[in-house]
Amino acid sequence: MNKSTGRCLYTATFSEFLSKEPLAVLGAMHNNYHGDSLTTTDEAWMGEIEVMQQVLEPWKEEKGQIVFEYDIPRLGKRIDVVLLLRGMIFCLEFKVGKKEEFQAGIEQVMDYALDLKNFHLFSHDRKIVPILIPTKYKEYTTVFQPSVYNDDIYNPMITGEEHLQELIAKVLEHAGAKQEDGVIDNWLISPYAPTPTIIEAARTLYENHSVEDITRHEADKVSTDTTINYILQVIHQSKEKQQKSICFVTGVPGAGKTLVGLDVAIKQTYKDGELDKENGAVYLSGNGPLVAVLTEALARDNQKKCSQKGERKNMSDSRREVSEFIQIIHRYRDNMLAKIKNPVENGIVEIDPEKAIKLTATGYGEVEHVAIFDEAQRSWTHKRIADYLKRGGTYGNKLKVPNFPMSEAEFLIWSLDQREDWAVIICLVGGGQEINTGEAGITEWVKALNNRFRHWNVYISNKLTDPEYAEGRVNELLAGNDKVKFSDSLHLAVSLRSFRAETLSAFIHSLLSFAPDAASLYQDVKGKKYPIMLTRDMDKARQWLRKMARGTQQTGVLVTKVAARFKPLAVNILAQGDENAVHWFLEDKTDIRSSNYLEDAATEIQVQGLELDYACVLWDADMRCEDGHWAYYKFNGKNKWNPENNEESRKYMLNAYRVLLTRARQGIVICVPYGNSNTTPEGFPEDPTRLPEYYDGTYEYLKSLGLEEI
């Protein structure tokens with residue numbers, strides 16, 4: 001049994017482990033390790049082996065199991081040592097040679113325990129004991145107790161190697177664990193089903209895991225790798241035959257379209273860990289905060305790994321490397337616009353030879369052969385991009401282009417068509433989504449291919465003919481195109497199981513639409529241990545968030561961008577600018593810019609596509625429940641809320657709350673303030689912008705659904 005199963009570097013029964021020479025165990029770990037083993041790694045492993053062979057002596061005759069370097073591939077983590085003893089799970093995090101405790105180490109081992117409890121099937125109903133072991137630490141935990149959260153996770157413990165055996169014995173006694181409880185059958189190969197945040201997933205992809213590794217819970221039901229392989233095959237074929245091709249990938253909500261796009265970008269850009277600029281890809285998104293946060297997260301990881309390997313690389317180089325394959329779509333587009341003849345004459349977009357150099361293979365195109373457009377249905381209509389370019393852009397490029405004749409989709413295909421050799425476009429298409437003003441849907445892509453780019457091969461999901469895409473007119477639009485090939489491999493049919501209660505989205509939809517099933521859906525969500533709490537006191541909301549979050553779990557305050565009156569509650573609206581979103585999402589609990597400080601609130605613009613573990617949604621007077629419907633208001637910036645009568649603006653305001661209420665993976669608290677009921681000596685409202693009646697209707701409605709108050 002002392003061999004790897006792919007889930008760890010070494011596992012054995014206690015008796016087998018204790019009968020081995022330490023060097024033999026180390027050799028087995030080396031055989032199963034695929035990375036570059038460093039001297040410091042060897043020293044740490046050897047230290048752990050020697051400690052554990054002494055510690056486990058009292059239980060050598062029991063049916064215990066030891067696991068070294070247990071892999072959690074979906075989250076890119078390894079647990080130093082897991083002990084399965086008397087039906088309990090001990091997670092051990094070693095700091096070999098250290099003699100003091102570390103807050104980061106405590107959070108790390110707690111994270112491991114939470115990961116197992118929440119996502120590892122055969123750990124759900126077991127007691128889990130996280131222990132941090134700075135080996136030279138002289139103290140040890142003497143008071144230990146199960147968590148106050150009633151989930152059978154003990155509060156994290158600390159001990160040096162000297163007292164580890166004693167601590168394990170006392171925990172077993174405290175838990176009443178019996179020898180006959182034995183080991184946990186098949187624990188090592190238990191199904192493991194987390195839903196990582198997009199940040200965690202991108203980091204893990206960057207370490208050369210597949211999307212399937214990160215997301216799968218039922219290998220036979222998830223089709224992400226099938227889709228990725230199909231796309232990579234199209235790319236390979238296009239390169240071999242020197243052709244231009246476009247793929248349309250569809251998927252149900254939450255199916256992992258963005259992850260598929262990132263995976264293709266990384267596989268094309270990095271070959272065997274090395275940057276491949278000759279055949280590279282670029283992932284393009286219009287979501288500025290998402291791109292900024294992903295870029296910074298990957299750059300930090302890249303710089304950290306280089307440092308661990310002894311390579312010198314500064315952060316600016318890491319950021320530059322990552323930004324080569326993750327970019328804002330507007331900047332990519334504007335870079336091509338800078339190459340055209342301006343103003344445009346006779347409705348024809350042409351390259352200006354004085355503004356660009358033609359290369360043999362690239363032509364006048366960008367360096368990437370492959371461009372991945374996330375949320376392709378949100379590309380701009382001809383009118384929106386023409387109006388934008390008429391007045392000059394707002395994304396850093398102030399270039400003015402009067403009389404621009406193309407839709408954004410047509411221009412993006414045109415941009416890749418400038419290459420002299422081959423090119424591939426991958427359009428990731430969300431279906432059944434409301435389209436905002438100026439967003440063209442998928443129709444413009446199809447029209448452009450029909451009208452101007454008939455030499456492009458079109459690979460299309462067989463679901464793109466459904467009503468939610470291009471108003472169901474895709475078949476009609478493509479009827480005369482002989483280069484179209486339909487494939488079910490380009491449709492992601494399975495929504496990756498969300499960690500949060502499966503009915504959460506349905507409940508939020510019903511809540512916002514006053515549907516009669518909202519109360520029963522809430523009970524379903526609550527029954528699945530996804531808390532949705534209600535309060536009128538911001539201090540209580542903060543206390544709840546801090547109580548709920550353990551380890552490195554992330555908390556934050558959320559408001560709509562129309563929200564205006566939260567200063568009295570000591571809440572600041574996070575300033576616009578992608579760098580602010582980066583700090584808010586990525587800094588740890590020691591940095592006041594972090595979301596965890598619960599001082600700066602992010603808006604729907606800054607959090608779309610990203611997630612927190614626990615969130616507080618502050619509900620302002622912009623959207624109020626009045627007589628069983630929503631009434632919409634916008635603040636005039638001085639002293640008054642004015643009714644919002646524009647139907648499109650009202651729809652967006654409703655969607656803003658939909659976004660905020662679905663950002664938390666593990667639980668939310670909704671804070672509907674009391675408002676200010678005080679009056680001046682003359683009898684006037686002390687603060688007429690925060691009258692209680694602006695908030696009371698919303699609070700009463702939410703309470704009527706059964707939401708539990710803090």
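Mentor: For example, Glu93 is buried at 4%, while its salt-bridge partner Lys95 is partly exposed at 22%. Bear in mind that this is a predicted model, where local features need pLDDT of at least 70 and side-chain atom pairs count only at pLDDT 80 or more, while totals for chains, interfaces and linings use all residues. Residues are numbered from 1 along each chain as its sequence is written, and side-chain values use heavy atoms, with hydrogens and water left out.

The part I'd pick is an open sheet of seven strands with parallel pairing, in the order S19-S20-S18-S21-S25-S17-S26. At the edges stand S19 (572-573) and S26 (708-709), each with a single partner strand, so one side of each has no neighbour in the sheet. The labels come from DSSP runs numbered from the N terminus: helices are H or I with at least four residues, strands are E with at least two. Two strands count as paired if DSSP finds at least two bridges between them. Take S18 (residues 555-558) and S20 (residues 600-602): two bridges join these parallel strands, and Leu558 has Ala602 as its bridge partner in S20.

Now for the helices. H19 (residues 538-548) lies across S17 (532-535), S18, S21 (612-618) and S25 (664-671), at about 175 degrees to S21. H23 (residues 693-704) lies across S17, S25 and S26, at about 145 degrees to S17. Contact here means heavy atoms within 4.5 Å. The axes are lines fitted to C-alpha atoms, for helices over the stretch in contact, and the angles run from 0 to 180 degrees between N-to-C directions.

What about charges in the sheet? Asp613 and Arg665 meet in a salt bridge, 3.6 Å from N to O. That pair links Asp613 in S21 with Arg665 in S25, 52 residues apart. Asp613 is buried at 12% relative accessibility, and Arg665 is buried too, at 6%. To count as a salt bridge, a side-chain nitrogen of Lys or Arg must be within 4 Å of a carboxyl oxygen of Asp or Glu.

On to the aromatics, with 18 pairs in the whole structure. Phe514 and Trp630 make a tilted pair, 4.9 Å centre to centre with 45 degrees between the planes. Phe514 sits in the loop between H17 (504-513) and H18 (518-527) and Trp630 in S23 (residues 629-635), so the pair ties together parts 116 residues apart in sequence. Phe514 is partly exposed at 24%, whereas Trp630 is buried at 6%. Then there's Trp619 with Tyr657, a stacked pair at 4.3 Å and 20 degrees. Here Trp619 is in the loop between S21 and S22 (623-626), and Tyr657 is in H22 (residues 647-661), 38 residues apart. Trp619 is buried at 0%, and Tyr657 is buried at 0% as well. As for cut-offs, rings of Phe, Tyr and Trp (its six-membered ring) pair if their centres lie within 6.5 Å, with planes under 30 degrees apart called stacked, over 60 edge-to-face and the rest tilted.

Definitions and conventions:
Buried means under 20% relative accessible area, exposed over 50%, partly exposed in between (1.4 Å probe, protein chains only).
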